[in-house]
Number of protein chains: 2
Amino acid sequence: MSNSGFQDNDAQGPLKYISKEEADALEKELIEDYRFGKQQLIEILGHSCAAAVTKVFPLQGLPKKQPTILVVCGTEQNGAIGLVCARHLRSFDYEPTIYYPKRSTDNLFKDFTTQCEKMDIPFLSYLPTEVQLINDAYNIVVDAVLGADAESQELKEPYMSILGTLKQIKIPIISIDIPSGWDVENGNPEGINPEVLVSLMAPKKCALKYSGKHHFIAGRFVPYDLQKKFELNLPKYPGTDFVLQL
Amino acid sequence: MSNSGFQDNDAQGPLKYISKEEADALEKELIEDYRFGKQQLIEILGHSCAAAVTKVFPLQGLPKKQPTILVVCGTEQNGAIGLVCARHLRSFDYEPTIYYPKRSTDNLFKDFTTQCEKMDIPFLSYLPTEVQLINDAYNIVVDAVLGADAESQELKEPYMSILGTLKQIKIPIISIDIPSGWDVENGNPEGINPEVLVSLMAPKKCALKYSGKHHFIAGRFVPYDLQKKFELNLPKYPGTDFVLQL
């Protein structure tokens, strides 16, 4: 404790890679006890993911003439975070395009979709099967397809085809929280290998098997008491950054 | 228009200072047509205000040994933005204390309050009438008391006393959107004179009478089409900053 009564927030041990069960418990407590709203959490996390993109791929250093980014969104919360990420990327002057094949019927997610549509972010009606078209059109792909809730055993269309495409593309992939097709705890040795992984709140166990270039954690907003309770040992974030590269 | 079909977002004219009516219409359209949620807007705006605080008063350059900040919150939306600002300041390692004398009964605002309480941010049960105690205890005061909706003619307690105190303190005041006690359009020549003003979305007409040191605009998230429709002519934000100093 510091002498002003505020808690010491320096990490005391190694960064923890949490299980699916711990991730669910952490989010439940954040929502039920700490009274964070889903809309608020998705906004914070999507904003953090956009910030991570700008750190690895700054606007001025992109290989293509136009700052194009393809954002592929799934139906569940991971996809909604992708929508928010796309919106912030647009306000940071990137040119995102969204592929969102199975839209959620949840009103909250519908609102995030409308926000993107009303910002004139284009939505693709299908994903080109010719991978070279994607490599040529975009600088990077944001993978917001399947999150921690996806059952990798039960992977259905259109996600099977999307994963097949993501495995073949040559441009960098940024995965949100869990590389799509990976098991939350065991990863997937035959799955995609993103160049960037943005762990939300805390890294999941599968991130121990991550061998890509850049691993970010977006968890600064998690209250200290919760960080302590779950022994997250999150590293210290610099300045006012929302994301930290390990 | 750029050749990719994305809109040109360079401002074409001088920054607009909007009327109360325009501010109401802008927020209404953002919520009803663009489907932004109140929770989401308050989160974005509170975060932006915290970012402005860190720019003018970086953690390392504060005059007092402890990075203390007093955040005074009113009952309405301005106060909720103050609560979010306090929470982010805490995660940026400042030591905020909140004075929130008349709590809202709105569940959304209650949740923002709980988030602060559960982060162990202290709440004052009264504001010291001895102004020197405030000058000594805090580096700065965030004024999130009265926003654009306050009727300055009908100022009641406890806000009359709070304004009396704010007028006397010597430490810098940062006002959110409208310096408390000012009329949205006409200002208040006898009112407080904050060192920092953070205009939300767009500056209101009263900001034309603002003569303090630092004027920020937190409006980057406002969709370009809305910026155009209301002819806001917002300046270009640098990097990934959410706030811009004029």
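**Entry 1: what I'm looking at**
I'm working with a predicted model, so I keep that in mind for everything below.

**Entry 2: the interface**
I started with the contacts between the two chains. I found 44 residues of chain A in contact with 44 residues of chain B. Then I looked up the area: the two chains bury about 4000 Å² between them. Carbon and sulfur atoms account for 52% of that.

**Entry 3: charges and polar pairs**
Next I wanted to know how many salt bridges cross the interface of chain A and chain B. The rule finds four. I picked out one of them to look at: the side chain of Arg35(B) meets that of Asp111(A), with 2.9 Å from N to O. For polar contacts between chain A and chain B, the count came to 19 residue pairs.

**Entry 4: who supplies the surface**
Which elements of chain A give two or more residues to the side that touches chain B? I noted helix 2 (38-56), helix 3 (77-91), strand 2 (95-99), helix 4 (107-118) and helix 7 (224-229). Helix 2 of chain A gives the most, with seven residues. I also sorted the residues on this side of chain A by type: twelve are nonpolar, 17 are polar and 15 are charged.

**Entry 5: symmetry**
I superposed chain A on chain B. It took a rotation of 180° with 0.0 Å of shift along the axis, and the RMSD was 0.0 Å. So this is the relation of a two-fold axis. The contacts go along with that: the same surface serves both copies, and 100% of the contact residues of chain A recur in chain B. I then asked which residue of chain A comes closest to the rotation axis. That's Gln40(A), with its C-alpha at 2.7 Å.

**Entry 6: one residue, Leu70(A)**
Is Leu70(A) buried or exposed? Its relative accessible area is 1%, and the cut-off for buried is under 20%, so Leu70(A) counts as buried. I listed what Leu70(A) touches, leaving out residues up to four places away in sequence: Thr97(A), Tyr99(A), Leu124(A), Leu127(A), Ile134(A), Tyr138(A), Ile140(A), Val141(A) and Val142(A). Last, I checked a distance from C-alpha to C-alpha: Leu70(A) and Ala202(A) are 25 Å apart in space and 132 residues apart in sequence.

Terms used
Residues are numbered from 1 along each chain as its sequence is written. Chains are lettered from A and ligands numbered from 1 in the order in which they are written. This is a predicted model: local features need pLDDT of at least 70, side-chain atom pairs count only at pLDDT 80 or more; totals for chains, interfaces and linings use all residues. Side-chain values use heavy atoms; hydrogens and water are left out. Contact means heavy atoms within 4.5 Å. Buried area is the accessible area (1.4 Å probe) that two parts lose on being put together, summed over both. A polar contact is a pair of N or O atoms within 3.5 Å; within protein, one must be able to donate a hydrogen and the other to accept it, and residues adjacent in sequence count only if both atoms are side-chain atoms. Helices (H or I, at least four residues) and strands (E, at least two) are DSSP runs, numbered from the N terminus. Ala, Val, Leu, Ile, Met, Phe, Trp, Tyr, Cys and Pro count as nonpolar, Asp, Glu, Lys and Arg as charged, and the others, Gly among them, as polar. Copies are superposed by least squares on the C-alpha atoms of residues with pLDDT of at least 70 in both. Buried means under 20% relative accessible area, exposed over 50%, partly exposed in between (1.4 Å probe, protein chains only).
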